[in-house]
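Grab a pencil and work through these exercises with the model open beside you. Each task comes with a solution that goes step by step.

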Amino acid sequence: MATGDGSEVRPELDRRQARSLVFDALAAAIPSLRIEALDEQQELYGDLGMDSLGFVTLLVELESKLDVPLADEDLMTIELFSVADLVDLVERISPPAAK
Amino acid sequence: MVTVAAARDPQLPTHWFNILHDRPQYVTSAVPRSRLPEEVQCAGRGVQLQQPFSLARQSLNTTDRYIPIPGEVLDLYAQYRPTPLRRAVRLEERLGANARIYYKYEGANLTGSHKLNSALAQAYYYARAGVQHIVTGTAAGQWGTALAYACQVMNLGCTVFMVRATLRQKPIRGDMMRLFGAVVHESPSDLTDVGQRVLKEDPAAIGTQAVANAEALALAGQDGESRFAVGSGENSVLLHQTVIGQEAITQLALLGEFPDCVIACMGAGSNFGGIALPVLGAAEDSGRLIRLVAVESAACPKLTRGRYRYDLSDALGTTPITKVYSLGSSYVPPPVYAGGLRHHSAGPLASAMYADGSLEAMDIDQLTSFRAGLLFCETEGILPAPESAHAVAGMMDVVSRHPRQEPPLVVLVNISGHGLLDLDAYRRFGAGEIEPVTANETNLSQSLSALEEFNQAIAEPVEAT
């Protein structure tokens with residue numbers, strides 16, 4: 001999407017786009033994970049086996065895909081349980097649509 | 001946050017050197033937790049960051065060869081860096097060495113070791129992320145002391161679990177941490193489930209770094225304000241320590257020198273990586289050959305006798321399960337004075353380097369290390385920490401094997417800390433009261449077997465065709 005000043009701003013992600021982005025990032029962060037076996041109700045830790053290293057890898061991946069810098073203070077207080085929590089996070093942190 | 005008035009010396013590096021740029025194959029990978037045995041898994045648990053994101057991502061950065069040191073950390077480094085690089089001329093004479101021996105001395109700062117290089121950086125990132133309190137485990141107490149001071153500088157609370165054997169050997173370490181405002185607990189303690197479990201099995205348990213870290217993780221998980229920090233092994237910690245090697249390269253260049261061989265002791269890899277990694281990078285840039293030698297304790301010979309397997313780092317298995325050279329997480333090394341060398345495994349980066357032949361390893365027994373430490377003190381006027389005395393002993397071994405007909409070997413050794421809090425140990429050595437200590441063979445055999453069983457249990461399932 002083009003803005004008045006000529007820069008490119010990505011439109012706000014809808015749920016389907018956010019889920020797709022999260023699934024791709026999860027597949028990149030967790031070796032041997034199959035995207036087709038993912039669903040939003042799965043637990044990140046219990047079902048997908050994500051540890052703190054995997055979580056950081058995932059955040060680096062998301063930051064790159066969203067092209068938005070993630071701030072330490074915003075991430076330090078969150079605890080995510082399910083894939084749905086992660087999709088919610090991506091919806092929150094994705095760049096807003098052009099005002 | 002902090003105001004410091006110290007001029008920055010031009011020799012003080014402004015960036016950390018990131019070996020992962022040159023060797024991205026060293027980026028740590030871990031076993032998915034879903035493959036772990038049930039007793040190590042925690043169903044229903046969420047995922048959260050223990051480290052601030054900007055700190056944690058340093059361990060995965062393969063993009064930047066040099067990572068800028070935040071200005072506030074640089075100002076704090078300027079209080080004690082650059083550290084001295086000296087030639088050990090009198091030691092060379094005493095040894096009759098066909099070598100020019102240089103040493104970098106990291107023991108002159110307030111906390112007495114290289115650990116402050118990462119403690120200040122970590123405390124900076126935690127404070128900036130809004131963390132109020134840091135909890136950690138420490139073996140010999142050098143990391144705990146450094147982190148206690150760094151937390152005080154950054155206005156953070158600090159709690160330290162220190163391995164019982166070493167806290168009782170040198171209680172003054174605990175006093176130093178308390179002086180800097182930290183709360184210090186002997187580990188194993190009755191404050192955590194894992195500590196209680198260890199004490200129930202053996203009320204006289206001497207403790208290990210793995211248990212101390214597990215207790216720190218457990219306490220950090222009890223409230224939202226606290227986080228766990230670690231003083232070695234992590235790639236980011238090795239990164240922070242690279243100021244040592246970068247300074248050494250600059251200081252040696254002023255003398256027209258570049259080392260043929262770099263030697264440091266090996267706990268999990270932070271002081272080794274700190275001095276060796278920048279030199280490795282510089283050697284590869286200029287097409288030079290370089291020998292890197294890691295010196296470990298004969299009581300805990302993780303590289304020379306360990307196996308390259310996936311293993312737990314802390315006793316609870318809370319931290320990522322990474323591939324490391326390990327003696328098995330159930331190995332309890334005898335209580336040597338070099339408590340900083342008692343961790344059962346090397347860190348992932350140092351392990352990967354050993355696996356691909358980038359570094360050599362040797363183990364040194366306690367008596368040989370004390371003998372070398374005293375000789376170093378007599379000739380150079382510096383009493384090395386028991387850990388650093390292992391590096392001195394290893395260096396003496398390397399130098400003694402260098403052929404006389406060859407050009408002199410240029411050696412760089414890291415004296416990672418002072419031994420002024422180990423005077424009693426040196427006194428006891430001088431009085432002949434210290435026995436040789438080697439690995440606990442029965443425990444080692446059992447622990448290695450358990451390590452193999454663990455790896456069989458977590459092996460990737462083979463899909464049916």
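Predicted model: local features only at pLDDT ≥ 70, side-chain atom pairs only at ≥ 80, totals over all residues.

Helices (H or I, at least four residues) and strands (E, at least two) are DSSP runs, numbered from the N terminus. Residues are numbered from 1 along each chain as its sequence is written, while chains are lettered from A and ligands numbered from 1 in the order in which they are written.

**Exercise 1. Work out whether the radius of gyration of chain B agrees with a compact globule.**

Step 1: the radius is taken over C-alpha atoms, and the globule rule is 2.2 Å times the number of residues to the power 0.38.
Step 2: for 465 residues the rule puts a compact globule near 23 Å; chain B has 21 Å, which agrees.
Step 3: along its principal axes, the C-alpha trace of chain B spans about 65 × 55 × 50 Å.
Step 4: check burial. A residue is buried if 20 or more other C-beta atoms lie within 10 Å of its own, exposed if 12 or fewer, and partly exposed in between, with C-beta atoms placed from the backbone. Buried residues account for 59% of the 465 in chain B.

**Exercise 2. Describe the side of chain B that touches chain A.**

Step 1: call two residues in contact if their C-beta atoms, placed from the backbone, lie within 7 Å. Chain B then puts in 28 residues, and chain A puts in 28 residues.
Step 2: look for elements of chain B giving two or more residues to this side; they are α2 (53-56) and α5 (116-128).
Step 3: α2(B) gives the most, with three residues.
Step 4: Ala, Val, Leu, Ile, Met, Phe, Trp, Tyr, Cys and Pro count as nonpolar, Asp, Glu, Lys and Arg as charged, and the others, Gly among them, as polar. The side of chain B splits into 13 nonpolar, nine polar and six charged residues.

**Exercise 3. Trace the six-stranded open sheet of chain B.**

Step 1: strands pair if DSSP finds at least two bridges between them. The order in chain B is β3-β4-β14-β9-β10-β13, with mixed pairing.
Step 2: find the edges. β3 (85-87) and β13 (360-364) of chain B each pair on one side only.
Step 3: from one strand to the next, the twist averages 25°.
Step 4: zoom in on one pair. Strands β9 (residues 261-265) and β10 (residues 291-297) of chain B run parallel and are joined by five bridges. Here C261(B) sits opposite R291(B).

**Exercise 4. Follow helix α2 of chain A and see what comes after it.**

Step 1: the expected span is 1.5 Å times one less than the number of residues. Helix α2(A) (residues 52-66) has 15 residues and reaches 21 Å from first C-alpha to last, close to the 21 Å expected.
Step 2: its buried residues include L53(A), F55(A) and L62(A). The buried residues of α2(A) pack against α1 (15-29), α3 (72-75) and α4 (83-93) of chain A, together with α2 of chain B.
Step 3: next after α2(A) comes D67(A), with a positive phi near 55°. D67(A) is not a glycine, and D67(A) is exposed, with 10 other C-beta atoms within 10 Å.

Terms used
Axes fitted to C-alpha atoms, helices over the stretch in contact; angles between N-to-C directions.
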